[in-house]
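Here is a walk through a structure, one region at a time. Keep the sequence and the 3D view open as you read.

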Amino acid sequence: MSETTTPAAVGAPAIASKSAAAIDRAKAAGRKALIAYLPAGFPDRQTAIDAAIAVARNGADIIEIGIPYSDPVMDGPVIQAATTQALANGFRVADVFDIVAAVTAETDAAVLVMTYWNPVLRMGVDEFSRRLAEAGGAGLITPDLIPDEAAEWFAASDKYGLDRVFLVAPSSTPERVAMTVQATRGFVYAVSIMGVTGARSSVSSAAEAVVAAAHAAGAERACVGLGVSRPEHVREIAAYADGVIVGTALVAALRDGGVPAVGALAKELSGGFEPAAATPSSTGA
Amino acid sequence: MDDPAAAFLAGGRGPAEGSPEHSLRHAPGPYFGSYGGRWMPESLIAALEELEETFEKAKIDPEFLAEVAELNKNYSGRPSLLTEAKRFSEHAGGARVFLKREDLNHTGSHKINNVLGQALLAKRMGKTRIIAETGAGQHGVASATAAALLGLECVVYMGAEDCRRQALNVARMQLLGATVVPVTNGSQTLKDAINDALRDWVANVETTHYVLGTVSGAHPFPAMVRFFHEVIGEEARGQILDQVGRLPDALCACIGGGSNAIGLFHSFLDDPSVKIYGFEAGGDGVNTGRHAATITLGRPGVLHGARSYLMQDEDGQTIESHSISAGLDYPGVGPEHAYLADIGRVTYEPITDVEAMDAFKLLSQTEGIIPAIESAHALAGAIKVGQRLTAEAAALKGATPSDTVIIVNLSGRGDKDVETAAEWFGMLDEDGHVRGTTLSTRHAKGAARSAGADENAEDATHE
């Protein structure tokens, strides 16, 4: 692996990050950011758009739109089932730009796309980035692209002013945390646990250490994802991180109760930023 | 990075004989030209780095190499034979065809070479559990075997469709003490088994080593798996020099991920007189869309950690592959093969199910060797290559057919494929039994008998 140099060299014009701005707005309002994942095309194109809008109107500061992919190695059964259904229903990668545009037009949320890398490579990294920027997207979260392999993405994200959210994990060495923090724009995605996506009854204590390592390496914003499903998780993570990422619980709510349910869960989860007494005790997922 | 290849193709060996820059051998990774790399979740990078470090130390550690050599010799039964297939050769234009008998290794295929090496590395890293994916079941059986030998826990992920068509190997793995997890996601074949193995690995990486079964995946797997299979080509080179007195004119091997092939090819990569052929699974035919001819028809992309040729649609979604051979039914291919294809050092061609099964039957009936259906693809390729090369040699040099020498990697034996073959060749009755096997009027051994000895006729109706 070659050493990665950060392309945003000293003296280059700073690129405004839409997701950083969203996190900072939440902070200014005295809370942390709620970041919500939903897959594009699930259960169908229009419902996915309606669900993302409902989530944004119920407290989510950043929306992650996932691109359904044939080989989602980082996803657990709930998201696998949802994205498999979206693909079976005829989801096409270019549909994601329409969804991003619709959610951006209807809400104040920053909209990131979360994608495995091959669909981006296939379209062409520059072409994908151009269309994402045109649609108003904030940038990309790349679960299977590490900065070591991201030269093309560095160039395109700088050219089109897009955020590049890389992941750090409990297993990341201090050297890799530092390198990844350097490569990131927007926020660092702190993986809470060694595992795939899925709701868990508690959030691993490893998450706090990952966030601390990212902050120590100079990350201004680090948000925690994987396993978060309840308002009490949100409260716990808000104590040390800059944002909380929820995926599987929202996908399950959308699957079981449609747009109203996913909106209600977002509202309940964002209640986790309030003092404990104000939060309903029921679980969302 | 393309310089050595360019020099090679130009016929020049460059100024520094033996310098690694001027050889196609021992490519260390992570990149093979523009292929390879580490397209993997960050969570697994630390484990890949640990593995890389452990492997790099081990491969120059005499103690480790002696351990591998000892197991190869006294456990696997290496060196494997190089058998001249004289009657089969008549069907390959009369070229002399030699079979590298990886089918004679313990567990019945080349897979054991890699698995023993990786299991020893797992022990060195202090891991107590290994996981593996398997297609035909040969890699899973080899992994279960190594785990039993070295006292490791073993879990094997296998597509549910592959479990069905390779049921014998599922039972073998279970008898060896491994847990077999049938994978019902996606196409229910090898690629989906790899997906589930990766999900297991990311969650259990502290205790678990992922014994990837082919020269695919993230660095260091392609270079490491090749290293453990290089013994195939090293032996074959010595054996052909002994038996024929010169290097072969051609090598033939089947390609799924490409591990048996790279193992044979590696020793000959720097010998320009040796033509090298890899045979992919052409399934129903490459124009039908139902095949696994990744290099022939795929385009570069990333899957399972490496950039390589990939069967993918316009959106970058992986296309399901199709082959009668579970071991070749994979929509990707090892990155070193992608590189060797691009620079023209190795020629990759598809072989259809029909061609492979014809060769399967031919070898069985001309040589008394039942090959794995995977290996039958290499045999079918050797028939074509033999016919082609002997005709060329006759036209150009007036050579006799037997002047052409071909080595085929017989990567595995066909016991596991007997049911598939019986079905293919119409040997089954409507109940799925081999014809002629249900006529016995005697009691099955061990079956409870009610009384008396005169019930045979009556019992026959129970069959």
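**A buried proline and its surroundings**

Start at P350(B). Leaving aside neighbours within four places in sequence, P350(B) is in contact with E280(B), G282(B), V286(B), H291(B), A293(B) and T296(B). Contact here means that the C-beta atoms of two residues, placed from the backbone, lie within 7 Å. This is a predicted model, in which local features need pLDDT of at least 70, side-chain atom pairs count only at pLDDT 80 or more, and totals for chains, interfaces and linings use all residues. Residues are numbered from 1 along each chain as its sequence is written, while chains are lettered from A and ligands numbered from 1 in the order in which they are written.

P350(B) sits in strand β14 (residues 346–352) of chain B. Strands are DSSP runs of E with at least two residues, helices are runs of H or I with at least four, and both are numbered from the N terminus. One of the contacts of P350(B), G282(B), is 68 residues away along the chain, yet the two C-alpha atoms are separated by 4.7 Å. P350(B) counts as buried because it has 23 C-beta neighbours inside 10 Å. The cut-offs are these: 20 or more other C-beta atoms within 10 Å of a residue's own make it buried, 12 or fewer make it exposed, and anything in between is partly exposed, with C-beta atoms placed from the backbone.

**Two domains in chain B**

Now step back to chain B as a whole. Its domain assignment gives domain 1 (31–78 + 111–222) and domain 2 (82–107 + 230–419). Such bounds come from an automatic or database domain assignment. Taken over C-alpha atoms, the centres of the two domains are 23 Å apart. Where they meet, 41 residues of domain 1 of chain B contact 37 residues of domain 2 of chain B. On the domain 1 side, β2 (35–39), α3 (62–76), α5 (111–124), α6 (138–150), α7 (160–165), α8 (167–175) and α9 (190–204) of chain B each supply at least two residues. The largest share, five residues, comes from β2(B). By class, that side has 15 nonpolar, 20 polar and six charged residues. Ala, Val, Leu, Ile, Met, Phe, Trp, Tyr, Cys and Pro count as nonpolar; Asp, Glu, Lys and Arg are charged; the others, Gly among them, are polar.

Some backbone details of chain B are worth a look. The peptide bond from R78(B) to P79(B) is cis, with omega near 0°. P79(B) lies in the loop between α3 and β3 (82–84) of chain B. H304(B) has a positive phi, near 55°, and is not a glycine. H304(B) is found in the loop between β12 (299–303) and β13 (305–310) of chain B. Is H304(B) buried or exposed? It is buried, because it has 27 C-beta neighbours inside 10 Å.

**Over to chain A**

Which positions of chain A carry the UniProt feature "active site"? The unreviewed UniProt entry names E64(A) and D75(A). UniProt positions follow the numbering used here, feature names are shortened, and annotations may be inferred rather than shown by experiment. E64(A) lies in strand β2 (residues 62–66) of chain A. E64(A) is buried, because 27 other C-beta atoms lie within 10 Å. D75(A) is in the loop between β2 and α3 (77–88) of chain A. D75(A) also counts as buried, because it has 26 C-beta neighbours inside 10 Å. Not counting residues up to four places away in sequence, D75(A) touches Q80(A), V196(A) and T197(A).

**Where the chains meet**

Finally, look between the chains. Here 33 residues of chain A are in contact with 27 residues of chain B. On the chain A side, α3, α5 (117–123), β6 (167–168) and α8 (174–183) of chain A give two or more residues each. α5(A) gives the most, with five. This side divides into 18 nonpolar, eight polar and seven charged residues. In α8(A), the buried residues are R176(A), V177(A), M179(A), T180(A), V181(A) and A183(A). Their cover includes β5 (163–165), β6, β7 (188–191) and α9 (206–216) of chain A, together with α2 (45–58) of chain B.
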